[in-house]
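Hi,

Here is the model I promised you.

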Amino acid sequence: MAEKIEITDEVIASHGLSKEEYENVLNILGRKPNMLELGIFSVMWSEHCSYKSSRAHLKGFPTEGPQVIQGPGENAGVVDIGDGLAVAFKMESHNHPSFIEPYQGAATGVGGIMRDVFTMGARPVANMNSLRLGNLDLPKHKYLLKGVVAGIAGYGNCMGVPTVGGEIYFDDCYNGNILVNAFTLGLVKSDKIFLGYASGIGNPVIYVGSKTGRDGIHGATMASEEFDEGSEEKRPTVQVGDPFTEKLLLEACLELMKTDYIVGIQDMGAAGLTSSSFEMASRAGTGIEMNLDNIPRREVGMTPYEIMLSESQERMLMVVRQGCEDKVKAIFDKWDLDCAVVGRVTDDGIMRLMEKGVAVAELPIEPLAEGAPVYHRPMERPAYLDEVNCLDISTLSLPDDMNAVLLDLLDSPNIGSRQWIYNQYDHMVRTDTVTLPGSDAAVIRIKGISKGIAMTVNCNSRYCYLDPYKGSQIAIAENARNLVCSGAKPLAVTDCLNFGNPEKPEIMWQFAEAVKGLSDACISFETPVVSGNVSLYNETKGEAIYPTPGVAMVGLIDDVERHCTQYFKSAGDQIVVLGKNLEDLGGSEYLKIEHGLVEGPPPALDLELEKAVQESCLEAIRAGIVKSAHDCAEGGLAVALAECCISGENMMGASIELDSSGIRRDALLFGESQSRIILTLEKEHIDKLEEIASEKGAPLEVIGEVGGEHLLIDDSISLDIKEIHSAWQSAIDQRIA
Amino acid sequence: MKFGVIVFPGSNCDHDCYHIAKHVMGHDTSYVWHKDASDLSGYDCIIVPGGFSYGDYLRPGAIAKYSPITEEIKKYANGGGLVIGICNGFQILIEAGLLPGVLMRNRSLKFICQDVYLKMENTDTPFSSEYSAGQVVKVPIAHHDGNYFADDATLKDLEANNQVVFRYATVKGETSDEANPNGSVSNIAGICNKNRNVLGMMPHPERCAEKVLGNKDGLGIFRSIVKHLTQS
């Protein structure tokens with residue numbers, strides 16, 4: 001029996017516990033742990049579950065606001081949208097498993113985040129994802145992209161939850177460590193939100209869903225280590241998803257949630273039965289006595305250690321009112337799912353695990369769940385920052401042929417069409433998707449009321465590499481800008497903070513700076529952080545990824561009929577740039593592609609200007625005068641204009657004249673100055689827009705008119721829109737083939 | 001007028017079909033749970049919705065075929081009742097033997113979700129009378145296994161009896177290979193039985209029947225059904 005193994009230094013180390021942490025275990029217990037208990041400490045105190053390196057920093061996030069119903073600490077954040085309704089949402093990483101086994105890794109990431117949302121009582125109505133892969137010229141990354149996309153599709157499509165948006169970037173820094181971050185948003189009545197509390201002494205603890213197998217044991221510990229050559233040997237720690245069972249679990253749970261039987265409920269995610277039971281009891285200040293003989297299992301001979309540490313998917317733990325057991329069971333019987341009473345809530349604050357009448361583990365819950373170590377790890381500003389933030393644009397040669405540059409940029413997999421990806425996702429099921437993938441933000445309607453929800457996910461990690469503080473601020477600003485371009489007022493944020501090894505002071509410094517940047521920007525936009533996830537140790541052989549604080553933001557549209565999209569609508573419409581063109585080339589895609597440079601500083605961000613631009617855009621859309629609105633992002637003004645021409649169903653050209661005001665041509669066309677939005681509107685509405693913008697303090701410039709078959713910009717750009725479309729359309733397809 | 005929407009474990013367009021029948025068309029509509037296999041004769045039209053019944057494990061529709069409700073659907077259809085199967089519903093009707101042919105994996109071997117154009121081939125059915133012959137409409141598809149195939153004798157039969165209701169086409173109505181999203185033989189997107197009371201189609205008309213979604217081209221299917229039921 002595994003429990004009889006002697007606890008040696010090697011065993012402790014192989015469980016990822018440091019000497020100090022093990023000392024702490026001995027202090028808490030007043031004795032040596034057995035193997036099962038050691039395993040439980042190991043997963044509960046893993047970086048993935050305990051946030052031991054990040055927790056001290058995350059306290060700085062703004063998490064409150066009149067719209068917030070549930071902030072961080074639960075399975076998902078919940079935000080009020082009025083009319084008695086709320087949205088629950090969260091983003092979570094599944095990076096390490098996806099690198100090892102892309103299909104199942106990504107699929108179970110999607111499955112896990114959906115469970116986090118429906119465990120709150122919310123029906124998942126939209127998914128998004130944020131992906132980072134390495135160089136698409138590498139066969140390994142073609143394989144990873146195909147697998148990840150197919151895995152996301154395989155799970156989300158079967159669940160009947162539309163994947164409405166996302167983002168993807170490719171960079172060499174992800175060659176050894178890809179990122180797969182999955183987001184789910186659910187809709188819930190604001191007075192029917194369920195939380196993960198094991199309350200009510202004597203209440204039964206019920207296990208529902210798939211049987212427990214030997215898959216995924218120690219997945220949380222794996223996610224808390226760096227990769228090396230042997231990492232692929234860890235394939236057995238990747239779980240296998242069964243979206244059909246999760247679909248049944250979703251429907252059964254939502255049916256049960258219409259009753260008043262449930263006291264508390266939580267999904268079994270990372271660290272499975274261990275974390276769900278400990279967290280539920282810890283929140284309620286209670287104990288649990290669990291009979292492991294009653295856990296439904298896939299195979300015979302499983303030890304308590306395997307049962308408690310399994311990360312088999314599609315399982316939930318709940319506490320229900322005493323006496324409701326049979327009624328609960330009837331609902332799960334209807335859906336052909338396992339449902340077993342596995343324990344009782346106790347008053348002694350102890351997790352007591354029983355096997356054949358014998359206590360095989362007795363652990364105090366509070367010190368284990370809340371007493372996890374909190375590290376204030378040393379930080380140091382990385383030396384590379386001085387080397388990379390030294391761009392001298394006067395040394396850059398000006399390209400002769402701007403047409404060729406524009407086509408190169410549109411053909412970049414970081415800018416080109418994402419259709420190859422999103423066509424594999426069912427983005428229309430539930431018949432709520434008002435804005436299909438391919439615009440700045442996804443928009444869904446809410447049946448029965450006039451409101452809509454907009455959502456977006458964004459982070460330029462190159463900016464974050466060059467300046468983690470400013471890059472993170474820009475991530476928030478750009479998300480908010482994308483939302484207002486759709487006509488939505490930003491409400492709240494969920495984040496997924498992907499970084500390298502926190503034991504390195506330089507990585508910890510990046511992390512702290514990023515959290516500060518996100519916090520300051522969130523305060524400025526009044527968008528509190530309501531949920532999130534931290535993924536550290538994203539390194540292979542000592543090479544860390546760019547700091548990648550993925551941010552998803554959710555906004556509210558009062559009248560969904562007045563939502564807005566990015567592409568041009570009618571010939572003759574006037575094209576306006578809200579905001580200001582600056583000479584910003586640092587961190588740009590242009591600099592990387594045309595000059596082979598990753599140098600900063602990244603573009604300037606003036607939060608006051610940003611807010612003035614966003615408020616003007618939103619007010620103009622609400623006034624009904626805006627025909628299209630598009631954020632200027634990677635590739636700058638020229639790429640944004642090209643996207644306006646070609647991303648709609650009917651392609652349309654444009655004639656543009658820019659007031660260059662002394663800015664270099666390449667910076668004017670391809671620089672990535674922040675706080676700029678391209679609007680189109682009918683001529684007669686220009687006065688009204690000028691009035692709104694001047695009131696808010698946002699500069700604007702009328703730069704041209706929609707029409708024709710070409711994109712013409714001064715004497716720099718003259719391209720047939722079909723040629724533009726074809727370069728953009730095949731950017732990913734041709735590299736994947 | 002009463003619609004019934006069948007719910008198999010794994011159905012996921014059941015809510016969407018219910019919404020159209022109940023809220024957009026304004027008719028009495030109920031869900032029918034697959035284990036509650038009782039006589040369907042109280043319904044005027046049965047909708048077998050899309051999704052992944054039984055996870056599409058084994059083969060789409062292959063397990064749903066053995067669910068108790070499928071026998072009732074067969075009885076109902078053989079008695080002349082209107083049955084429309086959309087996407088996975090079409091796959092189930094084929095597996096159940098109510099429609100001929102087979103739906104194979106898309107030729108790209110990938111799931112495809114996108115708008116396609118359909119050409120109306122037969123508007124003399126209870127499901128398509130609101131369209132004009134040859135009309136081209138835009139309707140989305142979302143499937144992994146929509147590649148329709150039938151042997152030559154079956155195809156000949158289908159064509160001779162005018163059972164092909166829609167074909168994949170270009171926006172101009174050309175039923176070319178380039179307009180064929182999944183490799184279906186003869187660009188077939190939807191067929192009916194000889195009696196015209198059972199329709200199967202891969203595209204999703206319920207996803208494009210409301211103004212707020214930017215496309216109402218699919219509404220004609222549901223209007224045709226209601227017109228037929230009103231007149232009969």
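Asp432(A) sits in the loop between helix 17 (419-422) and strand 14 (433-435) of chain A, and Arg445(A) in strand 15 (residues 442-445), so the pair ties together parts that are 13 residues apart in sequence. Helices (H or I, at least four residues) and strands (E, at least two) are DSSP runs, numbered from the N terminus.

Some housekeeping: this is a predicted model, so local features need pLDDT of at least 70 and side-chain atom pairs count only at pLDDT 80 or more, while totals for chains, interfaces and linings use all residues. Residues are numbered from 1 along each chain as its sequence is written, chains are lettered from A and ligands numbered from 1 in the order in which they are written, and side-chain values use heavy atoms, with hydrogens and water left out.

More on salt bridges. Over all chains the rule gives 52. In chain A, Asp333(A) pairs with Lys329(A) at 3.5 Å between the closest N and O atoms; they are four residues apart in helix 13 (residues 325-334), which is about one helical turn. Asp333(A) is partly exposed at 40% relative accessible area, and Lys329(A) is partly exposed too, at 35%. There is also a network of salt bridges linking Glu289(A), Asp348(A), Arg352(A) and Glu362(A).

Next, helix 26 (residues 721-729) of chain A: Ile721(A), Ile724(A), Ala727(A) and Trp728(A) are buried there. They fall within an arc of 125° seen down the helix axis (judged by directions from the axis to the C-beta atoms), so they line one face of the helix. What do they pack against? Helix 16 (402-410), helix 23 (636-646), strand 27 (710-713) and strand 28 (717-720) of chain A.

Now the interface. 30 residues of chain B are in contact (heavy atoms within 4.5 Å) with 32 residues of chain A. The buried area, meaning the accessible area (1.4 Å probe) that the two parts lose on being put together, summed over both, is about 2,600 Å². Carbon and sulfur atoms give 57% of that. Phe111(B), Cys113(B) and Val212(B) supply 21% of what chain B buries against chain A, more than any other three residues. Five salt bridges cross this interface, one of them between Arg207(B) and Asp426(A) at 2.9 Å, N to O. On the side of chain B that touches chain A, helix 1 (14-24), strand 6 (112-120) and strand 7 (136-143) each give two or more residues, and strand 6 gives the most, with five.

Last, Asp44(B), in the loop between strand 2 (28-33) and strand 3 (45-48) of chain B. Is Asp44(B) buried, exposed or partly exposed? Partly exposed, at 33% relative accessibility. Its side chain reaches the backbone nitrogen of Lys2(B) at 2.6 Å. The C-alpha atoms of Asp44(B) and Val226(B) are separated by 9.4 Å, although the two are 182 residues apart along the chain.

Cheers

Note on methods: Salt bridge = Lys/Arg side-chain N within 4 Å of Asp/Glu carboxyl O. Buried < 20%, exposed > 50% of the residue type's maximum accessible area, 1.4 Å probe, protein only. Polar contact = N/O pair within 3.5 Å; in protein donor to acceptor, adjacent residues only side chain to side chain.
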